[in-house]
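Let us walk through this structure together, one neighbourhood at a time. Have the 3D view open as you read.

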Amino acid sequence: QSDGYVAGPYGAVQGSTLINHCFQSSDGDFFSLADIYNDEGASLLLITTSAGWCSACIEEQPYLQQWFTDHADDGLRILVTLFEDENLVPADVDYASNWKSRFSLTFPVVADPAVAFEALESNRTQMGWYYNTSMAPMQMLVNTKTMQILSLDVGASTDTLYQKIQGNLP
C-alpha cells in the first residue's frame, strides 16, 4: 500500500476497505485504485469484472459507457477488469486494449489475469478474491473518499445496478 491511499485494515466483503489493487491498463501503463482515490472529482467507483466468454459481461458494456457519460461529472468512475478471453486464456494488455476499442469505452479497462499463489495453492485474479470468477460479472460499488465497499453483487441486472449507482451518487 502507498502513502497516497487510505490505511487499512482491508477486507473482501461489503463494509470493508478495498485494498489498493494495481493492474496493467489497456495502454500498457500501470493503474492502481490509488489513482481513483486521489481523483478529487471522484465520489463513487464501479468495478466490474469481465471475460470474453461471459455474455452478461458483453451485454453490460454499452450500459457502463452510457452511465459513465451521464454521471462522470457527478463523480462516477468505472473500472472494467478483464480476466479471460473467449478461450479461457488469461487476459493481457492487448486483450484489454481490444476490449476497450471494441466497445468504445472511455474509462479504464485493465487486465487482471489469474496469478499462481503457490503458498496458498490457488490461482486467482486480484478481483477473484471477492467472488467466484466462474459466475461473472461481479459488480462492486466503492466510496472513493473512504475506499469502503458499499455493495458487492455477482450477475446483478443492469436495472438493479443502475439504481444502486443512482442511490450512491451525491
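Leaving aside the neighbours within four places in sequence, Thr17 is in contact with Val6, Ala7, Pro9, Tyr10, Gly11, Thr146, Met147 and Gln148. This is a predicted model, so please read what follows with that in mind. Thr17 itself sits in the segment before β1 (22-25). Its relative accessible area is 16%, and because buried means under 20%, Thr17 counts as buried. One of its contacts, Tyr10, also belongs to an aromatic cluster together with Tyr5 and Tyr37.

Beyond the neighbours within four places in sequence, Thr48 touches Glu60, Leu64, Leu79, Val80, Thr81, Pro137, Met138 and Gln139. With one of these, Glu60, there is a polar contact between the two side chains, at 2.6 Å.

Glu60 leads us to helix α2, where it is among the buried residues. Where do the buried residues of α2 pack? Their partners are β3, β4 (76-84), α3 (93-102), β8 (138-143) and α4 (158-168).

A disulfide is a covalent bond between the sulfur atoms of two cysteines. A search of the whole structure finds one such link, and it joins Cys54 to Cys57 with an S to S distance of 2.3 Å. The angle about the S-S bond is 80°, and the link is right-handed. Both partners are buried: Cys54 has a relative accessibility of 4%, and Cys57 has 0%. Cys22, by contrast, counts as partly exposed at 39%.

Now for the aromatic rings. The structure holds eight aromatic pairs. In one of them, the rings of Trp53 and Phe83 have their centres 6.0 Å apart and their planes at 75°, so the pair is edge-to-face. This pair links distant parts of the chain: Trp53 is in the loop between β3 and α2, while Phe83 is in strand β4, 30 residues apart. Another pair, Tyr63 with Trp67, is tilted, with 6.2 Å from centre to centre and 50° between the planes. Tyr63 and Trp67 are four residues apart in helix α2, which means that about one helical turn separates them.

| Residue | Relative accessible area | Class |
|---|---|---|
| Trp53 | 33% | partly exposed |
| Phe83 | 4% | buried |
| Tyr63 | 42% | partly exposed |
| Trp67 | 5% | buried |

Key. Residues numbered from 1 in each chain as written. Predicted model: local features only at pLDDT ≥ 70, side-chain atom pairs only at ≥ 80, totals over all residues. Heavy atoms only, no water. Polar contact = N/O pair within 3.5 Å; in protein donor to acceptor, adjacent residues only side chain to side chain. Contact = heavy atoms within 4.5 Å. Helix = DSSP H or I, 4+ residues; strand = E, 2+ residues; numbered from the N terminus. Buried < 20%, exposed > 50% of the residue type's maximum accessible area, 1.4 Å probe, protein only. Disulfide = S-S within 2.5 Å. Phe/Tyr/Trp six-rings, centres within 6.5 Å; stacked < 30°, edge-to-face > 60°.
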